[in-house]
Amino acid sequence: YGEMLARQPLRFLLADDPGSGKTIMAGLFIKELIARGDLQRCLVVCPGNLSEQWQDELYQKFQLPFEIMTNDNYEAARTGNWFGETPLAICRLDKLSRNEDVQAKLSTTDWDLVVCDEAHKMSAHYFGGEVSYTKRYRLGQLLSSVTRHFLLLTATPHNGKEEDFQLFM
């Protein structure tokens, strides 16, 4: 945590064992940036099965009212861009990576912090002398370009393939 606080802007991979408190660390960092006046807009990107867990933990432990993007609230956005209207947002990784229209709207917004949980799922792959850039990898590139602080969380940063790890980094 001390390493994270000193980095401005933060571009950081927090890799630790499952259950070691990566979500708590992210929540503490969000609260610290808010206290410093350095965060008004934060986006959490995670696998769909973790979105409610993120929302619950951030509210119960830090009183942060994050809203999960759903098809209904996305389509009902007053301005036509839910991302621009929602300062504390949680989005499902595959909803973002598979929908180019959603990505187009996301690309027009800016964030103070983007947190990506299970970030290893956004890696590209090297096989047979060629690199395969996945939709998730390209989403990671987009997210990196629309935020000042970028925090990646994973319990499995290395799949045993050095080339894939280098692409991930």
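Modeller: Helices (H or I, at least four residues) and strands (E, at least two) are DSSP runs, numbered from the N terminus. This is a predicted model, in which local features need pLDDT of at least 70 and side-chain atom pairs count only at pLDDT 80 or more, while totals for chains, interfaces and linings use all residues. Residues are numbered from 1 along each chain as its sequence is written, and side-chain values use heavy atoms, with hydrogens and water left out.

Colleague: Which residues does a cis peptide bond join?

Modeller: Most peptide bonds are trans. In the loop between α1 (2-6) and β1 (11-15) lies Pro 9. With omega at about -5°, the cis bond there joins Gln 8 and Pro 9.

Colleague: Where does Gln 63 lie, and what is its phi?

Modeller: The loop between α3 (51-62) and β3 (67-68) holds Gln 63. Most residues other than glycine have a negative phi. Gln 63 is not a glycine, yet its phi is positive, at about 55°.

Colleague: Is Glu 118 buried, partly exposed or exposed?

Modeller: Glu 118 is in the loop between β5 (111-116) and β6 (125-127), and its phi is also positive, about 55°. Buried means under 20% relative accessible area and exposed over 50%, with partly exposed in between (1.4 Å probe, protein chains only). Because its relative accessibility is 24%, Glu 118 counts as partly exposed.

Colleague: Which side chain of opposite charge is nearest to Asp 117?

Modeller: Asp 117 is in the loop between β5 and β6. Leaving aside residues up to four places away in sequence, Asp 117 touches Val 45, Cys 46, Pro 47, Leu 50, Trp 54 and Leu 153, where contact means heavy atoms within 4.5 Å. A salt bridge requires a side-chain nitrogen of Lys or Arg within 4 Å of a carboxyl oxygen of Asp or Glu; Lys and Arg count as positive, Asp and Glu as negative, and His and the chain ends are not counted. Asp 117 is buried without a salt bridge, and the nearest side chain of opposite charge, 6.2 Å away, is Lys 22.

Colleague: What is the geometry of the aromatic pair of Trp 82 and Phe 83?

Modeller: Rings of Phe, Tyr and Trp (its six-membered ring) pair if their centres lie within 6.5 Å; planes under 30 degrees apart count as stacked, over 60 as edge-to-face and the rest as tilted. The whole structure has 3 aromatic pairs. Trp 82 and Phe 83, at 5.6 Å centre to centre and 75° between the planes, are edge-to-face.
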